[in-house]
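Dear colleague,

Please find the structure below, handed over for your own work. My notes on it follow directly after.

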Amino acid sequence: MEPIIDRRVFFKIAGAGVAGYFASPMMTFAQSAVTFDPNAPILNTAKNAIFILLPGAPSQIDTFDLHVGSWTPADFMPTTINGADWPSGLLSGLAAQFSANRFSLIRSCQSSALVHPLVQNWTQIARNPTSATGKEAPNVGSIVALELEKQRAANQQLPGFLSINGGGSLAGQGYLSGRYAPFDVAPSANGIANLANPGGQAVFTTRYNMLAMADAAPRSVPSPLGTVVEEMTSFYSSAKSMMYDTGVTNAFRFTAADQVKYGNSSFGNACLTARNVLQAGLGTRYVQLTLGGWDNHQNIYAANSGIYPSARQLDAGLANLLADLSAIPGSAGRTLLDDTLVVVKGEFGRTVGNITSQQGRDHYFVHSALIGGGGVQGGRVLGKTTPDALYVEDPGWSQGRPVYAEDIAATIYSALGINYTTTRHDDPLGRGFEYIPTNTSYVGKPIVELFQ
């Protein structure tokens, strides 16, 4: 598995007065020649992206593609919003956001496999993990961090790619430099620990300077010990820049009142942190949040268990995130939601119609996604499933086929102004690394209809 910048590792040494684990603005990835299609549709409608992964696969016919039947609990309170059926009792906060046109729905998603770890990874790296380039493939967030690094200002100390509650499902930076790895944190009202040395700033500075003097020769650029040492030198420098920085400290803190407002849950806290970090504008451009608990093979409708705990966390956290982003000023007279593409999806869907003998739902290919902000025209539904929800009846977009993980990735890239047809020529296999693979039965494309 690729390395991930865990918050505790990042500051383990720095907190002791020595170093940390990230790359400094002085260190840039060795840019190699790239090729791309100059005529590819690049939307360039967003500055940031929030990707919310729902591991375990939520039941689409109970959430984003509600199909009412004898199985539907009364407390789901089905209603119609913008011409679409919606479980207003289960997802009441998001019902209000849908009514306010702050997001749209994609009801024609389809996965290519039904194995949790495989497709969770697939969703994040935009290709089959077992393919020729699957082992070296970076998280979409790592590509975003790499591509947008050139826009970083000198006073922006935070990593370009922030992961919150990533856990074991988080894909890393693949073959890219550690500079573009996800910086994974657990949200806390008190912010990130270890941003200060127990002995005080003077002690920290003295110890850091002593280390720099002792290691000056091997840590020079170019280092006689190779590029790995140069990269670690960069990690040290960046961690130092985050120590005793009030802006960095405050970006990861939140109030008790906000914590309650966002649902008083780990996911709600993650949404709060994402809001604060993007509002601070300290260099993070891609945030990945994770909310599991959707693998409801048994007792999916059991009171206060099954689908309910995860749905309630998602509803409170995401609804307030969308509302707050829409109220925070963004760039050029826009809101922060206008500047931020928000994508929410699981790895696949769940079986439809009557529940199983175990009172649950098993794995299924067809599923749905929520997408808003960042130039998306809200309050709409793209795609349609058959009345029994078994198949995609109308894909709802120009490609005339279901929406795959590669299409979601291409949409994120395009919305952020990144050419999704890019091929890098610095990969260790020497094959040329495509942001979106082309040697497949379908080639990922941006869903431009969402923005029109």
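Which residues does T423 touch, not counting residues up to four places away in sequence? They are A33, V34, T35, G432, F433 and E434, where contact means heavy atoms within 4.5 Å. T423 itself is found in strand 17 (residues 423-424). Helices (H or I, at least four residues) and strands (E, at least two) are DSSP runs, numbered from the N terminus. At 13% relative accessibility T423 counts as buried; buried means under 20% relative accessible area, exposed over 50%, and partly exposed in between (1.4 Å probe, protein chains only).

As to provenance, this is a predicted model, in which local features need pLDDT of at least 70 and side-chain atom pairs count only at pLDDT 80 or more, while totals for chains, interfaces and linings use all residues. Residues are numbered from 1 along each chain as its sequence is written, and side-chain values use heavy atoms, with hydrogens and water left out.

Strand 10 (residues 340-345) is mostly covered, with six of its six residues buried. T340, V342 and V344 point one way from the strand, whereas L341, V343 and K345 point the other way. Strand 10 pairs with two strands described here; two strands pair if DSSP finds at least two bridges between them. Strand 3 (residues 48-53) runs parallel to strand 10 and is joined to it by six bridges, with A49 opposite L341. With strand 13 (residues 366-372), strand 10 pairs in the antiparallel sense over four bridges, and there K345 stands opposite A369.

Salt bridges

A salt bridge is taken as a side-chain nitrogen of Lys or Arg within 4 Å of a carboxyl oxygen of Asp or Glu. By this rule the count comes to 13.

One of them joins D62 and R361, whose closest N and O atoms are 3.5 Å apart. This pair links distant parts of the chain, 299 residues apart: D62 lies in the loop between strand 3 and strand 4 (78-81), and R361 in the loop between strand 11 (349-350) and strand 12 (363-364). Both D62 and R361 are buried.

A further salt bridge is formed by the side chains of K261 and D324, at 3.0 Å from N to O. This pair too links distant parts of the chain, with K261 in helix 8 (residues 256-261) and D324 in helix 10 (residues 308-327), 63 residues apart. K261 is partly exposed, with a relative accessible area of 38%, while D324 counts as buried because its relative accessibility is 12%.

The side chains of D339 and R334 also meet in a salt bridge, at 2.7 Å from N to O. Here D339 is buried, with a relative accessible area of 3%, and R334 is partly exposed, at 30%.

Packing of helix 2 on helix 10

Helix 2 (residues 92-99) and helix 10 pack at an angle of about 30°, with their axes 7 Å apart. Axes are lines fitted to C-alpha atoms, for helices over the stretch in contact, and angles run from 0 to 180 degrees between N-to-C directions. Helix 2 is therefore roughly parallel to helix 10, since angles under 35 degrees count as roughly parallel, over 145 as roughly antiparallel, 65 to 115 as roughly perpendicular and the rest as oblique. The contact is made by S92, G93, L94 and Q97 of helix 2 and by L314, D315, L318, A319, L322 and A323 of helix 10.

Yours sincerely
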